[in-house]
Amino acid sequence: MAVDELQAVIQRCQILEEADFKGEDFNLFQVAGQKCLEDGYAAQLLEVIQNEKNKVIIKNMGWNLISPLVRCIFMYKQEDDKREHCLKILDQLAQLCNPKELFLGLLEQIEQTSGGQVCQTIMLLLQPLQTVLLKLQNKKAYSVGLSLAMIMNQLTPLPVPYTKQQIQEDKLGLCQCCNAVVDFAKPFVNEVVKNMEKSSEYNDMELKEELLKFCMKSLKYPLLTAQLEELEGIEEHPFRHFATEIIDILWDIRELIPLVFLHRKGKSPRWENQEFADIERKNSAESLACLSYLMFVQHFGIHCFPTVFSPSYLLQCNMMHIEVLLKRTEESMLSKGLDLFESCLLRMEDNSLLHQYLEFRDFINIPQDLVKVMTLCPIEHLRKKSLNILQLFIDKFDAEGKHTLFRCLLKTSNHAGVEGYIIKNIKDQIHLSLTKACDNIWFTGHHLISLLDLVLLLPEGAETDLLQNSDRIMASLNLLRYLVIKDCENDNQTGVWTTLAKIEQNFLKPLHVGLNMSKAHYEAEIKNKKENRREAHSSNTVCSVTVSGEKMPAMTTEMQLQVLHSALFTFDLIESVLARVEELIEVKIKAVMDEN
C-alpha cells in the first residue's frame with residue numbers, strides 16, 4: 001500500500017541527520033509520495049507533511065512532489081475533497097520547503113506547462129511562488145525577474161481575446177491570469193517604494209529594473225494587441241484593469257514620466273549579435289508606443305501628467321510612437337496608431353503647426369504611412385479613418401507647411417486617387433487665398449506655380465495610362481478650370497496666365513493625344529469583342545483575371561464589354577471637361593484682347 005511505503009521511508013529518514021540524507025532517500029520519498037497522490041491518499045500525505053516530526057524531511061525533500069501534485073490537482077474536479085487536500089499540501093510545501101529548491105521546482109513546472117493549461121498552472125503556482133520569493137535573502141531581485149520573465153514567456157504565445165465575446169468567454173484564462181500576475185508582483189513593488197521613501201538616493205536598482213522589464217513586456221503583450229475600448233455589458237474590462245495596474249506600477253517606481261518623455265528604455269543588455277539588438281530595440285519601441293496610447297488616448301495615468309506642455313510638443317513626442325504603430329498591419333495595433341495620431345491632432349488648433357516641424361523625419365514619413373493605410377489596408381473603416389486623419393494633419397499646418405506637405409505627397413504617394421485628393425486640397429487653399437482679405441503668398445504667385453508644375457502635367461506624357469490616372473487628371477482639370485474662371489488675366493494673382501504656354505505644352509496637348517490614342521484602342525477592343533462574341537458563346541470562353549497573385553472570378557465576354565464601355569465613358573468625361581477648360585481659356589483671352 002502506498003501509505004505504508006511512505007511511512008517506511010519517513011521512519012528511515014527520521015533517524016538520520018539532515019546532512020546524512022542520500023540521493024536514494026530523495027528518490028524513495030518522491031516515488032512513495034507520488035504513489036500516494038495517484039492512488040487517492042492525499043489526506044494521509046497531508047498528515048505526514050503536517051507532522052512536526054517530519055519538518056526536516058519535508059524541508060529537504062518536499063519540493064520533489066510539486067510535479068505530481070500539480071498533475072493531481074488538475075485531475076480532480078473543483079468540488080472534490082482530494083483536490084482540496086492537494087491544495088493544502090501545496091500551501092504547506094510553500095511554508096516548509098527549502099526556498100531555493102522549491103523556487104527552482106515551481107519555475108520548472110511553469111516552464112514545462114503548455115497549451116490550454118498554461119494559465120491554470122501559472123495561477124495555481126503564483127501564490128506559493130510569491131511566498132517562496134519573499135523568503136529569499138540572496139539574489140531576490142534576480143529571482144523575481146526570472147519568475148516574471150518565465151511567466152510572460154509562457155503567456156506570450158497565447159492568442160489575446162479581442163472581441164467582446166472572446167473577452168467574456170476567456171477560454172484559456174488569459175484575462176484572469178494577467179491580473180493575477182500583477183497581484184503577484186505587488187509585494188515587490190511595495191518593497192521598492194518603501195526603500196525609495198527611506199532614501200532619496202535609492203541605490204538598489206536591481207529589483208526596480210526587473211519590475212520595469214515586466215511592465216515593458218506587459219505593454220507589448222497583451223496590451224498592444226488587446227482591445228482596450230470600454231465594452232457595453234462588461235462591467236470591469238480585464239485588460240483595462242490590467243493596463244491601470246501596469247501604469248500604477250510605473251508611477252510607483254517613478255518610471256512613468258521618464259518613459260513618456262525621455263524615452264528611457266531601461267538597462268538593455270548589450271548584444272554582440274546585431275539581430276538580437278534589433279529585436280530588443282523593436283520590442284522596446286512597441287512597448288513605449290503602447291504606453292503613449294494608454295496615456296493620451298485611454299487616459300490611464302493622466303492624473304499624473306504635467307499640464308505644462310504645448311499640443312505641438314506632445315505631437316512631436318508621440319510621432320515616433322505613431323510611426324511604429326502605423327507600420328504594423330494588425331488591426332489592433334494599426335487602430336491604436338490612428339487613434340493616438342488623431343488624439344494628438346485634436347488637441348491643436350487649425351493652422352497652428354509651424355512648417356519647421358516638417359524638418360523632422362517623422363513628420364514627413366507618417367503622412368506616407370497614412371497613404372499606405374489608405375490605399376493598401378484591407379479593413380475599410382481603417383482606410384476611411386486614415387483619410388480623415390490625413391486631412392486633419394493637413395489642416396493643422398500653417399500655409400507654408402501645407403505647401404511643403406502637398407509637394408511631398410504629390411512626389412511620393414504614387415497613387416492617382418491620393419494625388420487627386422491632394423490637388424483638391426490645393427484648390428481649396430487657393431480659394432481661401434483669393435477670397436481672404438490678407439494675401440497668402442504660398443498659394444498665389446510663384447510659390448503656387450511651383451505646385452502647378454507638379455499638378456498640371458501628365459507623368460508619362462501622351463503615353464500615360466489615362467484610366468489608371470483618371471482621378472488625378474479630373475482633379476487637375478477641375479483645378480485649372482477654377483483658376484481660369486476665378487483669376488482674371490489682368491489680375492493674374494495665381495500666375496496661371498503667365499505659365500499658360502507651359503501648361504498647354506505639358507498637360508493639355510499630351511492629354512488630347514493620349515485621349516485620342518486611348519479611345520481608339522478601346523473602341524478597337526470593343527469591336528473585336530463584338531465580332532468574336534458568337535465564337536465566345538459557342539465555346540463558352542471566359543477571361544481569367546489575377547490580382548495580387550489571387551485568381552478572381554472569371555469574366556465573360558459581356559462583362560469584358562461592360563468594363564471597356566465604362567473606360568470609354570471615363571475618357572468622354574475627361575474630354576468634356578478638357579473641352580470646357582479650353583473654351584474658358586479662349587473666351588478669357590478673347591475678352592482681354594477685345595478690351596485692349
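Is Ala-141 buried or exposed?

What we have on the screen is a predicted model. The protein chain has a mean pLDDT of 87, and 89% of its residues reach 70 or more.

Now the overall picture. The protein chain contains 26 helices and two strands. It has 596 residues, of which 48% count as buried. If you take the contacts with a separation of 6 or more, 75% of them come from residues 24 or more positions apart.

Back to the opening question. Ala-141 is buried, because its relative accessible area is 12% and the cut-off for buried is under 20%. This residue lies in helix α9. Leaving out residues up to four places away in sequence, Ala-141 touches Glu-206, Leu-207 and Glu-210. Look also at Lys-208: it is 67 residues from Ala-141 in sequence, yet their C-alpha atoms are 8.1 Å apart in space.

Let's stay with α9 and bring in a partner. The axes of helix α7, residues 99-112, and helix α9, residues 140-155, come within 10 Å and cross at roughly 15°. An angle under 35 degrees counts as roughly parallel, so α7 is roughly parallel to α9. The crossing of these two helices is left-handed. Who meets whom? From α7 we have Phe-103, Leu-107, Ile-110 and Glu-111, and they meet α9 residues including Leu-146, Met-150 and Ile-151. Sorted by class, this contact between α7 and α9 has six nonpolar, three polar and one charged residues.

Next, a second pair. Helix α11 covers residues 174-198 and helix α12 covers residues 206-223; their axes come within 10 Å and cross at roughly 155°. Anything over 145 degrees counts as roughly antiparallel, so α11 is roughly antiparallel to α12. The crossing of α11 and α12 is left-handed too. On the α11 side, the residues in contact include Val-181, Phe-188 and Met-196, and on the α12 side they include Leu-211, Phe-214 and Tyr-221. What classes of residue make up the contact of α11 with α12? There are 14 nonpolar, no polar and two charged residues.

While we are in α12, find Pro-222, which sits in that helix. The peptide bond from Tyr-221 to Pro-222 is cis, with omega near 10°.

Lys-139 has a positive phi of about 55°, although it is not a glycine. You will find Lys-139 in the loop between α8 and α9. Asp-170, also not a glycine, has a positive phi of about 45°, and it lies in the loop between α10 and α11. Which is buried and which is exposed? Lys-139 counts as exposed at 65% relative accessibility, whereas Asp-170 is buried, with a relative accessible area of 14%.

Last stop: the start of the chain. Ala-2 is in helix α1, residues 2-14, and it is buried, with a relative accessible area of 2%. Beyond its neighbours within four places in sequence, Ala-2 is in contact with Ala-32, Lys-35, Cys-36, Asp-39 and Tyr-41. Glu-38 is 36 residues along the chain from Ala-2, and their C-alpha atoms are separated by 9.3 Å.

Definitions and conventions: Residues are numbered from 1 along each chain as its sequence is written. This is a predicted model: local features need pLDDT of at least 70, side-chain atom pairs count only at pLDDT 80 or more; totals for chains, interfaces and linings use all residues. Side-chain values use heavy atoms; hydrogens and water are left out. pLDDT is the predictor's confidence in each residue, from 0 to 100. Axes are lines fitted to C-alpha atoms, for helices over the stretch in contact, and angles run from 0 to 180 degrees between N-to-C directions. Helices (H or I, at least four residues) and strands (E, at least two) are DSSP runs, numbered from the N terminus. Angles under 35 degrees count as roughly parallel, over 145 as roughly antiparallel, 65 to 115 as roughly perpendicular and the rest as oblique. A crossing is left-handed if the near helix is turned anticlockwise from the far one by less than a right angle, and right-handed if clockwise. Contact means heavy atoms within 4.5 Å. Ala, Val, Leu, Ile, Met, Phe, Trp, Tyr, Cys and Pro count as nonpolar, Asp, Glu, Lys and Arg as charged, and the others, Gly among them, as polar. Buried means under 20% relative accessible area, exposed over 50%, partly exposed in between (1.4 Å probe, protein chains only).
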